[in-house]
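Work through the exercises below with the sequence and coordinates at hand. Each task is followed by a worked solution.

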Amino acid sequence: MACESALPAIMDEQALMGLNPNADACYRQRALAYFEQLKVSLDGWEVCAEALAKGVYSDDHVKFFCFQVLEHQIKFRHGSLSAAQQQLIRETLMKWLQTQLMNVHPEKPFIRNKAAQVFALTFVMEYLTLWPKFFFDVLALVGLSPNGVDIYLRTLMAIDAEVVDRDILHSPEETRRNTLIKDGMREQCIPALVESWFQILQTYQHTHSELTCQCLEVVGAFVSWIDLNLIANDRFVNLLLSHMSMEELREAACDCLFEIVNKGMDPVDKTKLVESLCQVLQSAGFFNVEQEEDVDFLAKFSRLVNGMGQSLVLSWTKLSKTTDEKLSAETLRAVESKVPLMLQLLIHEDDDISANIVCFCYDYLHVLKQLPALNEQQKSNVEAIMLAVMSKLKYDDEYNFENEGEDEAMFVEYRKQLKMLLDRLAQVSPELLLEAVHRVFNATMQSWQTVQFMEVEVSIRLLYMLGEALPASHGAHFSGDSAKTSTLQAMMRTLVSCGVSEYQHSSVTLEFFETVVRYDKFFLVEPQHIPAVLMAFLDHRGLRHSSPKVRSRVAYLFSRFIKTLHKHMNAFIEDILSRIQDLLELAPPENGFPALLSSDDQLFMFETAGVLIVNGESPAERKQGLMRGLLSPLMEAFRMLLEKLPLEPDEERQTALADCLSHAVGFASRTSKAFSNKQTVKQCGCSEVYLDCLQTFLPALSCPVQRGALRSAVRSFLHRMIICLEEEVLPFIPAASQHMLKDCEARDLQEFIPLISQITAKFKNQVSPFLQEIFMPLVMSIFEVLSRPAEENDQTAALEKQMLRRSYFSFIQTIASSSSSQVMASQGAENIERVLFTIIQGAVDFPDPVAQKTCFIILSRLVELWGGKDGLVGFPDFIYKHIIPACFMAPLKATFDLSDAQTVLTLSECSLTLHMIHLKRGPECLQFLQEYLPSLHVSPEITQELCQVLQQPDVKVLKNYMKVFFQQAKL
C-alpha cells in the first residue's frame with residue numbers, strides 16, 4: 001500500500017492492511033476497530049478527508065474506507081461540526097472531484113457510487129442553508145468531462161434515493177425537509193439541470209452509450225416531480241425518439257418515456273401527452289411490432305405501451321365521472337385505438353413481452369364491463385383477447401415437467417396473469433367465453449389422438465378455468481342457468497367418455513383429474529360415468545401412473561372425489577378396497593424399493609378407505625370386518641417394528657423405524673376422519689377396532705429410544721380417539737399420561753397439555769379423580785423443565801420456555817374454568833400456594849401479554865370461586881397481599897406497553913379481576929385500596945376517584961378509567 005505523501009496525522013497502516021478482503025482475521029479485526037475509533041473521534045475523520053483530497057492512497061479498499069468514515073460524519077455528526085470542518089468536507093469533495101477529471105482511468109464503480117452517496121448526503125444536509133449553489137459549483141467544475149459527468153449523474157441518482165424515492169421510509173421531519181429541498185430546486189436550479197441533461201444526451205449519444213443511458217435514467221427519475229414542459233417538448237422528445245432507434249440506447253430511452261407517461265397530471269393533459277407521443281412513435285414505425293427482432297427492446301416497448309394504455313384508462317375513468325361526455329368519448333376512442341397494438345404484443349411468442357401488456361388489457365376489459373352495451377368492434381376486441389389468452393396459455397416444447405426450474409416458475413406466474421384476464425373476460429361476456437371454450441374444447445377432443453399435448457392440455461385447462469370464471473354457489477355448476485349448465489354438462493360428458501384420459505402426457509393426465517374433481521357434482525347428475533372415471537383413478541392413468549408427481553396428486557384428488565360421491569360408491573366399495581390394498585401397506589424401512597406413494601399420499605388413501613367403509617350401506621358387522629381388515633395389518637406391522645426399535649444400535653436406522661411407526665399411527669388416525677362423532681363409530685361397530693389400535697400403540701410411550709417422535713404420534717391418536725370413542729378412552733389415559741410425563745422436554749409438555757385440557761373440557765367431573773392425581777406431577781414436571789438453565793443467547797430454548805409457560809397457564813385456566821375446579825382446591829395448602837405464586841409471577845414478571853392476560857383471567861376466576869365468605873381458607877389474605885398488588889404492579893412495569901393491542905386486552909382482564917374482588921369483598925376491598933394506593937404515591941383524590949369508579953355497575957367505565965390511570969402514572 002503506497003503512501004504517496006506525508007500526512008500531518010498518519011493513518012494506522014497496519015489497520016488499513018485489514019481492509020483487503022484476503023487479509024488475515026486479526027488484521028480485519030484491527031481494521032474494524034480502527035473504523036469505529038475514527039467514527040467516534042472528533043477530528044480523526046480529517047485524516048481521511050485529506051487522504052481523499054490529496055489522493056494519498058492508491059488502494060481501492062482504503063479509498064472506500066475513507067469515504068465510509070466521511071459518510072458517517074455527515075450522516076450522524078454534521079450538526080456538531082464547526083463551520084471550518086463543514087467547509088473542509090465541501091473542499092475535500094470538490095478537490096476529489098477535480099482529480100477525477102484528470103484521471104486517465106476512472107475509479108472503480110463501487111468507489112464512484114460511494115462518492116456519489118457522500119455528495120448526496122452533503123447536498124441534503126447543506127443545500128437549504130450552507131450550499132445553495134451545490135449544483136452550479138459541481139456543473140461549473142465538471143463541464144462535459146466524461147469522468148466528471150459520470151459522478152454528477154450518479155450523485156443525482158443518489159439524491160433521488162435520499163429525497164424522492166417513495167419506497168424508502170422517511171420520518172415526518174425528513175419528509176418536510178425533502179419537500180423544502182424539492183421546492184428549492186424547482187425554483188433555483190431545475191432548468192439548469194435539465195439543460196445539462198440535454199447537453200449530456202446530445203454530446204455523448206454516439207460516443208458514450210453508458211453515460212447516455214445513465215442520463216436517461218436520471219431524467220426518468222426526476223420527471224415525476226419537475227415541470228413536465230421542461231422535458232415534454234419538441235427538442236427533448238425528438239432527441240429521445242432518435243435514441244429509440246439506436247441499439248445501445250433504445251431500452252433506456254423506452255424506460256425514460258415510460259416515466260414521462262407515468263407522471264401524475266390532469267386527465268385531459270395526460271390524454272394529449274399520450275396521444276402526441278403515440279402519434280410520433282407510430283409515424284416513426286415503432287408500432288410495426290412484427291418487424292422487430294430485438295425481444296429485449298420489445299419487452300421494454302410493451303411496458304411503455306402498457307403505461308400509455310393504463311394512463312388513458314385512468315384519464316377515461318376520471319372524465320367519465322364528470323359531465324363532459326365529449327371529452328370522455330374522445331379518451332375512450334384513444335384507448336380503443338391502442339387495442340390493435342396491445343393485441344399484437346399480447347399474442348407475441350415471447351412471454352415477457354406479452355406479460356408486460358397484461359395490465360392494460362385487464363384495465364381495458366374493466367372499461368368495457370362498465371359500458372351499458374358493447375358495439376361490434378368492442379365485441380370483436382373481446383373475442384380477439386379471448387383467443388390470444390387461449391393461445392398464450394399453452395405450454396411450449398421446452399417446458400420441463402419432471403424438473404421444474406426458474407423458467408417454468410415464471411411461466412406458471414404468467415399463466416396466473418392470463419387467468420386474471422380470463423376471469424375478467426367472463427365478467428364482460430360470459431356467453432362469449434363459454435361459447436369460445438366449448439368450440440375449442442370440442443374441436444380438440446374430437447381428434448385428441450393426433451393433437452400435440454399442449455393443445456389437449458389447454459383445452460381441458462380452459463374447461464377447468466371456467467369453474468372459477470363462471471362462479472357457482474358451492475360448485476353447483478349443473479343447476480340454474482340452462483344455457484351454462486347444458487354446455488358445461490356436454491363438455492364434461494365429452495371429457496369422461498372420449499378416452500382422453502389415455503393421453504400419454506403427464507400434464508394432460510393431471511388436468512383431466514383436476515377437472516373431474518372440480519366438477520365432481522356432474523356425476524350426481526350423470527352417475528353412469530362414475531365406473532369409467534373410477535377405473536381411470538385406479539389404473540395406470542392415475543394411482544399407477546409412471547410419474548410420482550401424478551400419483552401423488554391423484555391420491556389427493558381421489559380422496560376428494562370419493563368424499564363428494566360416497567353415496568354413489570356402494571356398488572364399488574369392496575372392489576376399490578381390493579384394488580388399492582397394496583397402496584395401503586406400511587412401507588418397511590429396510591425395503592430398498594421406492595414405494596408407489598409417499599407416506600403423505602398414503603394418508604389420503606387411508607382416509608378414502610375409511611370414507612368408503614363408513615359411508616357404505618353394508619351392515620355394521622361387515623363394516624367392522626372391513627375396518628379390521630384395513631387396520632389389522634398396521635397393528636401387526638407396528639408390534640413387529642416396536643420390538644425391533646430398542647434393539648437397533650444404529651441411530652439412522654432407529655429414526656427410520658420410528659418414522660415408520662409414526663406413519664402407522666398416523667394412518668390409523670386418518671381412517672377415523674370418516675366418523676363425525678362417537679355415534680357413527682358405534683353404529684359402524686368400529687369402537688372395538690380402534691380400542692385394539694389404542695392398546696397396540698400405547699406401549700410405544702415406554703420405548704426408551706426415539707421418544708419425541710413416538711410420543712407425538714400417539715398423542716395425536718389420543719386426540720382423535722377422544723372425539724371418536726369419548727369415555728371409552730378414559731381407562732387408557734392415566735397410564736399414557738404417566739409415560740408422557742417421564743423425562744420430557746419443554747416441547748413434549750407443551751404438546752401434552754392440550755390433551756389434558758381437551759379431556760378436562762370434554763369429560764369434566766368424570767375425570768376429576770384422575771386430574772387430582774396427575775395435577776401436581778404435571779405441574780412439577782413443568783416447573784422442573786422451566787427451571788433448567790439455558791444458554792443466554794439460545795433463542796429457541798427461550799421461545800420453547802415461553803410457549804410452555806403459556807401452555808401451563810392455559811391448563812390452569814381450563815381447570816379453573818371447568819367444573820373440575822375442586823381439583824386445585826384438593827391439592828393441599830402448600831401446593832396451592834406454589835401454583836398461585838406462579839400465576840402472580842406470570843401476571844407481573846414476564847413481559848408476555850398473552851400469558852399475562854391468561855393469568856389475570858385465572859385470578860379473576862379464582863376470586864369468584866374462593867374469594868367469598870365460604871371460600872378457600874386463607875385466600876382473602878392472598879387477595880390483599882398478592883392479587884390486588886399484581887393488578888397495579890403489572891401495568892406499571894416499563895415493559896407493559898399500552899400502545900400494543902394485546903397488552904390493552906391484558907389490562908382489560910386486570911380491570912375485571914379488580915371488579916371481581918370488589919364484588920366478592922365489598923367495602924373491605926375499598927378500605928384496603930385506600931390504605932394501599934398511597935404507598936404507590938397515588939394522591940388521596942385519585943384513590944377516592946378509583947374507588948368510586950370501582951363501585952360503578954358498568955365494567956366498561958372501569959376498563960376505560962384504568963387505561964387512563966396507568967397512562968397518567970407512566971408520564
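**Exercise 1.** State which residues make up the aromatic cluster that contains Phe-478.

Solution. The model is predicted. One aromatic cluster is formed by Phe-478, Phe-512, Phe-513, Tyr-519, Phe-522, Phe-523, Phe-537, Phe-558 and Phe-561.

**Exercise 2.** Classify the ring pair of Trp-197 and Phe-222 and locate both residues.

Solution. Step 1: a search of the whole structure finds 49 aromatic pairs. Step 2: in the pair Trp-197 and Phe-222, the centres are 5.5 Å apart and the planes make an angle of 65 degrees. Planes over 60 degrees apart count as edge-to-face, so this pair is edge-to-face. Step 3: Trp-197 belongs to helix H10 (residues 190-204) and Phe-222 to helix H11 (residues 209-222), so the pair ties together parts 25 residues apart in sequence. Step 4: buried means under 20% relative accessible area. Trp-197 has 0% and is buried; Phe-222, at 0%, is buried as well.

**Exercise 3.** Classify the ring pair of Phe-512 and Phe-513, and decide whether each residue is buried or exposed.

Solution. Step 1: the ring centres of Phe-512 and Phe-513 lie 5.2 Å apart with the planes at 80 degrees, so the pair is edge-to-face. Step 2: the relative accessible area of Phe-512 is 3%, which makes this residue buried. Step 3: Phe-513 has 1% and is buried.

**Exercise 4.** Describe the fold content and extent of the chain.

Solution. Step 1: the chain has 47 helices and zero strands. Step 2: its radius of gyration is 38 Å, whereas a compact globule of 971 residues would have one near 30 Å. Step 3: of the 971 residues, 51% count as buried.

Note on methods
Residues numbered from 1 in each chain as written. Predicted model: local features only at pLDDT ≥ 70, side-chain atom pairs only at ≥ 80, totals over all residues. Heavy atoms only, no water. Helix = DSSP H or I, 4+ residues; strand = E, 2+ residues; numbered from the N terminus. Rg over C-alpha atoms; globule rule 2.2 N^0.38 Å. Buried < 20%, exposed > 50% of the residue type's maximum accessible area, 1.4 Å probe, protein only. Phe/Tyr/Trp six-rings, centres within 6.5 Å; stacked < 30°, edge-to-face > 60°.
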